[in-house]
Amino acid sequence: MIQALHRRRLITAALAAAASLASLPARASEGEAKKAGDPSVQLGAVAIPVTVNGRLANYLFLSIRINLNMAANEAKLRQQEPYFRDALVRTASKISFGQPGKDYLLDEPRFKQVMMGEWAKIAGPNAIKSIDVLTQSPKRHPY
């Protein structure tokens with residue numbers, strides 16, 4: 001009984017280690033983009049609700065990078081990161097960003113269009129060049 005419990009913990013730890021190793025190339029490429037001098041603000045992990053017909057259907061956990069124009073004050077805007085996250089959660093509470101019929105997927109074009117306008121209110125006009133959704137993971141999977 002105790003050996004089975006230890007074996008399960010060991011397997012879980014090995015799977016977690018394998019998953020983190022698998023994500024290393026993606027992290028390296030993000031670092032290379034940053035080295036190239038592209039100013040950006042990376043938001044901490046954010047959970048947004050997805051509603052269908054006014055009812056909560058799912059949550060999407062997002063990792064987002066806001067790419068800034070070269071003229072933008074990157075240091076100042078990085079200090080505004082909590083405000084960017086707050087604006088995202090407030091907007092997602094009013095507008096569902098789930099794909100129609102697929103509450104486990106983000107409607108990226110709509111998300112980027114809406115959030116570009118919302119975040120421009122914080123960053124200022126012409127400060128944001130683009131938005132990258134680095135990762136998205138639903139709380140409830142379709143299977």
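Let's start inside helix H5, where Phe111, Met115, Trp119 and Ala123 are buried.

## Helix H5 and its neighbours

Helix H5 runs over residues 108–123. Which elements do its buried residues meet? The buried residues of H5 pack against strand S1 (40–52), strand S2 (55–68), helix H3 (74–79), H4, strand S4 (102–106) and strand S5 (128–138). The helix also has a bend of about 25 degrees, located at Met116. Just past the end of H5 comes Gly124, whose phi is positive, at about 100 degrees.

## Rings that meet

Now look at the aromatic side chains. A pair of aromatic rings is described by the distance of the centres and the angle of the planes. How many aromatic pairs does the structure hold? There are three. One of them joins Phe84 and Trp119, whose ring centres are 6.1 Å apart with 90 degrees between the planes, an edge-to-face arrangement. This pair links distant parts of the chain, since Phe84 belongs to helix H4 (residues 81–94) and Trp119 to helix H5, 35 residues apart. Are these two residues buried or exposed? Phe84 has 0% relative accessibility, so it counts as buried. Trp119 also has 0% relative accessibility and therefore counts as buried.

Another pair is made by Phe97 and Phe111: the ring centres lie 5.2 Å apart and the planes stand at 80 degrees, so this pair is edge-to-face. Phe97 sits in the loop between H4 and strand S3 (98–99), while Phe111 is in helix H5, so the pair ties together parts 14 residues apart in sequence. Phe97 and Phe111 are both buried. Through ring pairs, Phe84, Phe97, Phe111 and Trp119 are linked into a cluster.

## The nonpolar core

The largest nonpolar core contains 26 residues, and Ile48, Phe111 and Trp119 have the most contacts inside it. The elements giving two or more residues to this core are S1, S2, H4, H5 and S5.

Which residues does Phe111 touch? Leaving aside residues up to four places away in sequence, Phe111 touches Leu62, Ile64, Leu88, Phe97, Leu106, Trp119, Ile131 and Val133.

Leu106 belongs to strand S4, and with a relative accessible area of 2% it is buried. Beyond four places in sequence, its contacts are Ile48, Leu60, Leu62, Phe97, Gln99, Phe111, Val133 and Gln136. Leu106 and Gln136 are 30 residues apart along the chain, yet their C-alpha atoms are separated by 7.5 Å.

## A phenylalanine that is partly exposed

Phe61 gives us another setting to explore. This residue is in strand S2. Its relative accessibility is 40%, so Phe61 counts as partly exposed.

| Residue | Phi | Loop | Relative accessible area |
|---|---|---|---|
| Asn53 | about 55 degrees | between S1 and S2 | 79% |
| Asn126 | about 60 degrees | between H5 and S5 | 69% |

Are they buried or exposed? Asn53 is exposed, and Asn126 counts as exposed too.

How confident is the predictor? The protein chain averages a pLDDT of 81, and 72% of the residues score at least 70. Over residues 10–35, however, pLDDT stays under 50, and the model has eight contacts beyond four places in sequence for this stretch. Where pLDDT is low, the predicted coordinates should not be read in detail.

Notes: Residues numbered from 1 in each chain as written. Heavy atoms only, no water. Phe/Tyr/Trp six-rings, centres within 6.5 Å; stacked < 30°, edge-to-face > 60°. Helix = DSSP H or I, 4+ residues; strand = E, 2+ residues; numbered from the N terminus. Buried < 20%, exposed > 50% of the residue type's maximum accessible area, 1.4 Å probe, protein only. Bend = angle between axes of the 7 residues up to and from the residue. Contact = heavy atoms within 4.5 Å. Core = buried A, V, L, I, M, F, W, Y, C linked by side-chain atoms within 4.5 Å. pLDDT = per-residue confidence, 0-100.
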